Amino acid sequence: MHPTTDHRPALLLAMGPGVDERLLTADHHARLTRLAHTDPRLVAHDLTAPGPRVAAALAEAEILFTCWGATPLTAEVLDRAPRLRAVVHAAGSVKHHITDACWERGLRVTSAAAANALPVAEYTLAAILLAGKRVLRSAQRYAELRTDHAWLEESTTWGNYRRTIGIVGASRIGRRVVELLRPFDVEILLYDPYVTTPPPGVELVGLDDLCARSTVVSVHAPQLPATYRMIGPAQLAAMPDGTTLINTARGSLVDEAALLHHLVTGRLHAILDVTDPELPPADSPLYTLPNVLLTPHVAGSLGNELHRMADQALEEVARYGRGEPFAEEVRASDLQRSA
């Protein structure tokens, strides 16, 4: 038990092995111990069968500070945490570990999804601009030719001036991409069935219309039953020749077999940070097609970008300690339309 004069909430770190070492710096540890009664070196990797130290800390915890790899908080786990009042998630989606039992027990939940959205939006902006300049193709051609070439003649259809960019999903990331695109001379189309009033300067359209009019289509919808393969054969066929599809959301939102047909013929281009399955088979054409840029799910926070998520999560711990509402509270109803 901590002293009765210590009014800091008791807190337990709960995340996958090694995650805390990448997430939290020495400065984060210092701030964490100022804000909460905790041992930042004690990290619960498995709450289903905790050892004695973790079990004791869980029994006292008022806050769980979670990140990737956190144990799902089932009713059985929550029975071991009778004092638990809040879950502060230092990452994006909470769907992996927040269960119905959490809502039934009135737990408050917050996540660092806003912080994680920034690098994804930045990756997307870079992808859009590089797609317009056909950087992947020109780099490959330059390596093949290794000599002077009539680039102006070859690049008559390249460029970003007054291009039409289609944003699929007004998610946190999708909205951020729209904001990042504002300084550029581009037309922005948006499809989202839940949006009735688009942001200023953005045209709200149907999905098929967006696909037919855009030279870049960027996917930012959540993974839900209703969004499974929402970019399917009809949408892909509607895209003009040379359109680039960017997917930083989830691989299941795109019918990959249908997409491969258009990629193998060279009719479409793709920048894919996610696929379905997450790791493509070793013989997948996605690895070698010259019109595909395939990255291993790196658009989200990595390296020092994890520290931004830790900063946001610590701000939420501070708000909790002051008795204030969370700035980025997650509610059960939010999960029906979010990642």
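Okay, let's start at the second largest pocket: H6, helix H7 (135-145), S11 and S12 each put at least two residues into its lining. H and S mean helices and strands, which are DSSP runs (H or I, at least four residues; E, at least two) numbered from the N terminus. A pocket, on a 1 Å grid over the protein atoms alone, is an open set of points with protein on both sides within 12 Å along at least five of seven lines, and lining residues have an atom within 4 Å of a point.

Before going on: this model is predicted, so local features need pLDDT of at least 70 and side-chain atom pairs count only at pLDDT 80 or more, while totals for chains, interfaces and linings use all residues. Residues are numbered from 1 along each chain as its sequence is written, and side-chain values use heavy atoms, without hydrogens or water.

Back to that pocket. Its space comes to about 300 Å³, where a volume is the space filled by probe spheres set on points joined across faces, edges and corners. Seventeen residues line the pocket, and Arg-134, Val-135, Leu-136, Arg-137 and His-269 lie nearest its centre. Which element gives the most to the lining? H7 does, with four residues.

Now zoom out. You're looking at a chain with 13 helices and 13 strands. Its C-alpha trace spans about 75 × 45 × 35 Å along the principal axes. Of the 339 residues, 48% are buried, meaning under 20% relative accessible area; over 50% is exposed, and in between is partly exposed (1.4 Å probe, protein chains only). If you take contacts (heavy atoms within 4.5 Å) between residues at least 6 apart in sequence, 66% of them join residues at least 24 apart.

Next, the sheets. Seven strands make an open sheet with parallel pairing, in the order S8-S7-S6-S9-S10-S11-S12; to pair, two strands need at least two DSSP bridges. At the edges sit strand S8 (202-204) and strand S12 (292-294), each of them pairing on one side only.

Have a look at S10, residues 244-247, which pairs with S11, residues 269-272, in the parallel sense over four bridges. S9 and S10 also run parallel, and four bridges join them. Are the residues of S10 buried or exposed? Thr-244 and Ile-246 point one way, Leu-245 and Asn-247 point the other way, and all are buried.

There's another open sheet, with six strands and mixed pairing, and its order is S2-S1-S3-S4-S5-S13. Here the edges are strand S2 (43-44) and strand S13 (329-330), each pairing on one side only. Inside it, S4 and strand S5 (residues 108-111) pair in the parallel sense over four bridges, and Val-87 has Val-109 in S5 as its bridge partner.

On the way into S4, there's a proline to point at. Pro-82 is in the loop between helix H4 (75-79) and S4. Pro-82 is exposed, because its relative accessible area is 55%. It is 23 residues from Ala-59 along the chain, yet their C-alpha atoms are separated by 6.3 Å.

What about the cores? A nonpolar core is a set of buried Ala, Val, Leu, Ile, Met, Phe, Trp, Tyr and Cys residues joined through side-chain atoms within 4.5 Å. The largest has 28 residues, and the ones with the most contacts inside it are Leu-11, Leu-13, Met-15, Leu-23 and Phe-65. Elements giving it two or more residues are strand S1 (11-14), helix H1 (19-23), helix H2 (26-35), strand S3 (63-66), strand S4 (86-89) and helix H13 (306-321). H13 provides the largest share, eight residues. A second, separate core has 27 residues, including Val-205, Val-254, Ala-270 and Leu-272.

And who touches Leu-11? Leaving out residues up to four places away in sequence, Leu-11 touches Leu-32, Ala-36, His-37, Thr-38, Ile-63, Phe-65 and Val-317.

Last stop, the cavity: a set of points where a 1.4 Å probe fits but cannot get out. How many of 30 Å³ or more are there? One. The largest cavity has a volume of about 50 Å³. Lining it are Asn-247, Gly-251, Val-254, Glu-256, Leu-259, Leu-272, Val-274 and Thr-275. You've met some of those: Asn-247 is one of the buried residues of S10, and Val-254 and Leu-272 are in the second core. That's my tour, thanks!
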